[in-house]
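Here is a short tour of a two-chain model, taken a piece at a time. Keep the viewer open as you read.

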Amino acid sequence: MKFQRVLALTKKEMKKTVREPAVLFMIFLFPIVFVFAFGASFGSVGDSQPSYSIGVVNLDQAGSVNASQILLNALTDTNILTVQTYVDNQTAQNDLSQGNVQGVMIIPADFSPSFASYQAAPNNPDMWTNATVSLYLDKGSLVATQAVPPIIQQVLSALAGPNQQAVASPFSLETASLVEVNAPSIFDFMAPGMFTFASIFLIMIVAQSFTEDRENGMMKRIRITPTTPTEFMTSQVLSYMVIALVQAILVFVMVYFMGFQPEVGIPVYAFAFVLVLLFSLSNVGFGLITATIAKSSGAATGLSFLFVLPQMFLGTFVGSSLSSATQVAGKIVPSYYVTDALTSLFLRGADITSPAVLLDTAVVSVSCIAILAVGIILYGKYYKI
Amino acid sequence: MTESDIVTENLVKKFEDVTAVDGISLQVKKGELFGLLGPNGAGKTTAINILCGLTKPTSGAAKVGGYDVQRATGKVKELIGVCPQETAIYPYLTGAENIELFGNLHAMNKETLRKRRDILLENMGLTGDAKRRTAKYSGGMKRRLSLILALIHDPQIAFLDEPTVALDPQSRRAVWDFIKELKKESKTIILTTHYMEEAEELCDRVGIIDHGKLIALASPEALILKHKVENLEEVFIALTGRKIREEV
């Protein structure tokens with residue numbers, strides 16, 4: 001493989017991106033404008049049948065009255081919360097940072113004594129032993145932070161009896177994660193998905209580029225030179241990875257100035273960019289598949305949405321606000337795993353080496369390389385490179 | 001006997017029920033300017049595509065520069081320069097950038113590429129427009145640039161597929177002069193055209209193709225003499241009963 005050829009074709013592709021107004025808009029300006037508009041205005045949370053998994057660390061010294069068990073039963077009876085018990089807080093916090101549970105509730109040691117004191121003198125608050133239930137929430141989940149605390153608060157209040165709304169209760173709920181930091185905005189929840197969103201439109205650009213070069217005879221002209229298929233495809237993949245990197249940097253700058261400033265180190269940022277680069281491979285692959293199917297560049301534009309829309313709606317910040325069924329369906333697209341990994345890194349505070357991030361990275365790597373391979377093979381089969 | 005740069009033996013190419021090339025056998029000598037003549041759709045471009053390694057023949061064999069086109073396509077591509085019928089250039093690159101791109105695809109040395117680029121731009125009258133994007137070029141300028149892209153790496157063998165189609169007389173004359181210069185450099189050239197006066201002006205020998213078959217093969221003078229006519233256009237009429245451009 002001659003690097004001179006790869007470099008020449010890569011430079012050519014870069015110049016096209018910068019000089020063609022339509023390409024420049026679609027690749028760089030559109031994601032930025034869209035991210036700005038969407039980030040600034042999108043706020044609704046739609047999910048009519050929610051279900052949240054809550055981890056519970058029960059430190060209660062239950063005596064004659066096992067109030068913590070009553071609380072756990074009441075939580076389960078809501079049919080909204082699924083309770084998972086942990087023996088210690090560390091294990092529960094690990095699962096929270098991996099996104100396995102949406103919240104962790106710590107039942108204090110004095111919970112049953114507090115409940116007993118309340119039952120002994122329900123109308124005399126001076127006789128109560130107060131207990132504080134701590135709640136840690138998944139900062140990467142908009143719905144968890146908004147929906148889970150009121151549900152638990154309601155269940156705790158219900159323990160005080162049927163007239164709980166009128167009577168004070170010895171139980172209080174402290175949402176620990178929200179006490180520690182500023183309350184995250186809707187935009188914060190969307191930001192990880194925006195990194196993923198930016199490069200999805202590469203699908204359309206790749207499909208258009210290949211079909212246009214076929215239509216105007218450039219593909220044939222390059223085939224007449226000694227350029228090998230490997231050199232040509234390497235140059236294309238390199239070009240679009242560079243474009244994806246620039247997109248990610250632009251989107252990062254954009255969201256940073258709009259207020260998304262996660263407190264993570266440089267390695268995490270670097271890793272995020274690696275994820276975006278890996279993800280760009282799948283977009284090149286989908287673009288090639290589209291270019292294989294499409295007979296013209298016009299058709300390629302339309303057909304590319306067959307891949308753009310699922311990636312966008314099921315796997316980016318758009319999908320995070322849709323129904324739980326949609327979020328389950330998202331697991332079929334690579335963008336879901338990129339967004340999930342970025343959410344774990346930026347919002348949940350997970351390490352790069354944490355199981356959730358590694359698993360997401362593995363899925364992204366394997367699926368994206370496979371999609372790229374399928375794209376190259378299909379395109380090569382029907383249109384010689 | 002002069003060595004042949006291009007040899008085809010009973011070359012056939014079928015597209016489903018259409019036979020585009022039907023048993024063409026010919027030899028083109030080193031340094032010869034050979035014209036492939038015929039109306040549009042006669043099979044000229046398909047024949048060129050086979051010789052460039054772009055299209056696989058249904059049967060028959062072809063050698064270019066001594067290499068089998070099917071077995072040593074890479075070697076053949078290093079020897080040849082091809083100016084395709086369509087004006088294929090990148091509109092978002094300047095003329096100079098288009099040339100440099102194709103020079104690099106042929107792995108040319110940077111200094112050689114720069115010198116040759118400047119010479120060819122000068123010869124084709126494009127020096128003043130070299131730094132303009134080709135989207136702004138006229139049709140004639142694009143065709144001339146397309147010719148430069150085909151020849152930037154100084155190939156031994158050139159395939160020029162209708163290089164003057166739709167050109168104004170001035171641009172056509174410039175291209176003719178350029179092709180004559182190539183001949184002086186002893187390049188082997190296959191020129192396809194349906195302009196008979198172009199073939200008469202430039203070619204050492206011509207092969208006339210009709211419906212995929214090679215129906216005549218000789219020098220323009222010999223064909224005119226043989227058929228006792230005034231020009232190649234009349235030779236074609238004598239051979240087929242039709243005018244060559246009726247089917248254009």
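Predicted model: local features only at pLDDT ≥ 70, side-chain atom pairs only at ≥ 80, totals over all residues.

## Ground rules

Helices (H or I, at least four residues) and strands (E, at least two) are DSSP runs here, numbered from the N terminus.

Residues are numbered from 1 along each chain as its sequence is written, and chains are lettered from A and ligands numbered from 1 in the order in which they are written.

## Confidence

The predictor gives the complex an ipTM of 0.89, along with a pTM of 0.77.

## Where the chains meet

Contact here is a C-beta matter: two residues are in contact if those atoms, placed from the backbone, lie within 7 Å. On that basis, 18 residues of chain B are in contact with 20 residues of chain A. On the chain B side, helix H2 (73-79) and helix H3 (95-105) each supply at least two residues. H3(B) has the largest share, with four residues.

## Two domains in chain A

Domain bounds come from an automatic or database domain assignment. For chain A, that assignment gives domain 1 (3-41 + 185-382) and domain 2 (52-180). Their C-alpha centres lie 42 Å apart. The contact between them takes 13 residues from domain 1 of chain A and seven residues from domain 2 of chain A.

On the domain 1 side, helix H8 (186-200), helix H15 (334-346) and helix H16 (355-382) of chain A are the elements that give two or more residues. H15(A) supplies the largest share of that side, three residues. By class, the side of domain 1 that touches domain 2 has six nonpolar, five polar and two charged residues.

## Two helices of chain A

Take the expected span of a helix as 1.5 Å times one less than its number of residues. Helix H1 (residues 3-19) of chain A has 17 residues and should span 24 Å; its end C-alpha atoms are 24 Å apart, which agrees. Helix H9 (residues 202-215) of chain A, with 14 residues, reaches 20 Å from its first C-alpha to its last, close to the 20 Å expected.

For burial, count other C-beta atoms (placed from the backbone) within 10 Å of a residue's own: 20 or more makes it buried, 12 or fewer exposed, and in between it is partly exposed. Ten of the 14 residues of H9(A) are buried, so that helix is largely enclosed by the rest of the structure. Among them are A:Ile203, A:Val206 and A:Phe210. In H1(A), the buried residues include A:Arg5, A:Leu9 and A:Lys16. After H9(A) comes A:Gly217, with a positive phi near 85°.

## The chain B sheet

In chain B, four strands form an open sheet in the order E2-E1-E4-E5, with antiparallel pairing. Two strands pair if DSSP finds at least two bridges between them. The edges are strand E2 (18-29) and strand E5 (67-68) of chain B, each pairing on one side only. Strand E1 (residues 4-15) and strand E4 (residues 59-64) of chain B run antiparallel and are joined by five bridges. One residue to look at is B:Glu9, whose bridge partner in E4(B) is B:Ala61.

## A buried glycine

B:Gly81 sits in strand E6 (residues 80-83) of chain B. It counts as buried because it has 27 C-beta neighbours inside 10 Å. Leaving out residues up to four places away in sequence, B:Gly81 touches B:Ala150, B:Leu151, B:His153, B:Pro155 and B:Ala158. B:Gly81 and B:Asp154 are 73 residues apart in sequence and 7.9 Å apart in space, C-alpha to C-alpha.

## Positive phi outside glycine

Back to A:Asn79: its phi is near 65°, positive in a residue other than glycine. A:Asn79 is exposed, with 8 other C-beta atoms within 10 Å. B:Ala107 also has a positive phi, near 55°, and lies in the loop between H3 and helix H4 (110-123) of chain B. B:Ala107 is partly exposed, with 17 other C-beta atoms within 10 Å.

Notes. Nonpolar A, V, L, I, M, F, W, Y, C, P; charged D, E, K, R; others polar.
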